[in-house]
Amino acid sequence: SRGGAPRPRTPTVGRDGELAALARQLDSGRRLLTITGPGGVGKSRLLAEFAAHLPRDATSVYAELPAREDASAEEVAEAIARGAGLTLGGGDPVAALVRALRGSDHLLLLDEAEWSLAGATAVIDAVMNACPRVRIVLTSRAPLELVGETRLVLGPLTTPAPGASGADLAASPAVRLFVERLSDHAPELSLSPSEYARAAEIARRVDGLPLALELVAGQAVSSSAEELLHLVEAPLDIAAAERDREL
């Protein structure tokens, strides 16, 4: 089962190495992998893309964890149970979740643990201690600091060096993402070599941060490639073009 993980609706750019690293770590016997990195770097997208690449017979469970700092361990356990399709019944939800998973070989894919970090850490610690065949991959801006936790630090996409041109510009992951998102919003927009250079400058100005690149590209419906360059002076002030902005 794919555990209900959302499938990315646009191609994922420049993350082949990270996807391979996640697979290698799990294959090597690591049981707790935390994808860390700043907001907007694409942690949730990487988790969703990883889920999409799992074998069809993988016993995976996807759960988006509560987006509240005061969320309790019990609420986190209930969110994971919902993703797994488990009915916990009465009593302590954490203990019930542990009992339900104890003999299983589930791969838990848990998104946005940073919002309920204390509760998520307590639940994951309990599951890791009592369920030896369960493996967990989660996203969090901050690591859990648990014994046995392996961190995959997700950085921004690589940007081209100043002065790069031609194929080097087009091959840069940050530029590739920006151009692909431009084509989503303005399919008729064809970039000249000088406009590719402007796209590279945009990528450098936002430090290759995927969310910022997508937000700037979303302005293409009303801006030329040259005008877009001026939007990135304060990229985080740009409103998302879609209401369901995905990373």
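This is a predicted model: local features need pLDDT of at least 70, side-chain atom pairs count only at pLDDT 80 or more; totals for chains, interfaces and linings use all residues.
**Pockets, cavities and a helix contact**

The lining of the second largest pocket comprises 8 nonpolar, 2 polar and 3 charged residues.

Cavities of 30 Å³ or more number 2 in the structure, and the largest cavity holds about 100 Å³. A set of 12 residues lines the largest cavity, with Val-13, Arg-15, Arg-45, Leu-177 and Pro-210 lying nearest its centre. By class, the lining of the largest cavity consists of 7 nonpolar, 2 polar and 3 charged residues.

Leu-177 and Pro-210, both named in the lining of the largest cavity, also take part in the contact between helix 7 and helix 9. Helix 7 (residues 173–185) packs against helix 9 (residues 210–217) at an angle of about 30°, and the two axes are 8 Å apart. The crossing of these helices is right-handed. On the side of helix 7, the contact involves Ala-174, Leu-177, Phe-178, Arg-181, Leu-182 and His-185, which meet Pro-210, Leu-213, Glu-214, Val-216 and Ala-217 of helix 9. Divided by class, the contact of helix 7 with helix 9 contains 8 nonpolar, 1 polar and 2 charged residues.

Definitions and conventions. Residues are numbered from 1 along each chain as its sequence is written. Side-chain values use heavy atoms; hydrogens and water are left out. Axes are lines fitted to C-alpha atoms, for helices over the stretch in contact, and angles run from 0 to 180 degrees between N-to-C directions. Helices (H or I, at least four residues) and strands (E, at least two) are DSSP runs, numbered from the N terminus. A crossing is left-handed if the near helix is turned anticlockwise from the far one by less than a right angle, and right-handed if clockwise. Contact means heavy atoms within 4.5 Å. Ala, Val, Leu, Ile, Met, Phe, Trp, Tyr, Cys and Pro count as nonpolar, Asp, Glu, Lys and Arg as charged, and the others, Gly among them, as polar. On a 1 Å grid over the protein atoms alone, a cavity is a set of points where a 1.4 Å probe fits but cannot get out, and a pocket is an open set with protein on both sides within 12 Å along at least five of seven lines; lining residues have an atom within 4 Å of a point. Grid points are joined across faces, edges and corners, and a volume is the space filled by probe spheres set on the points.
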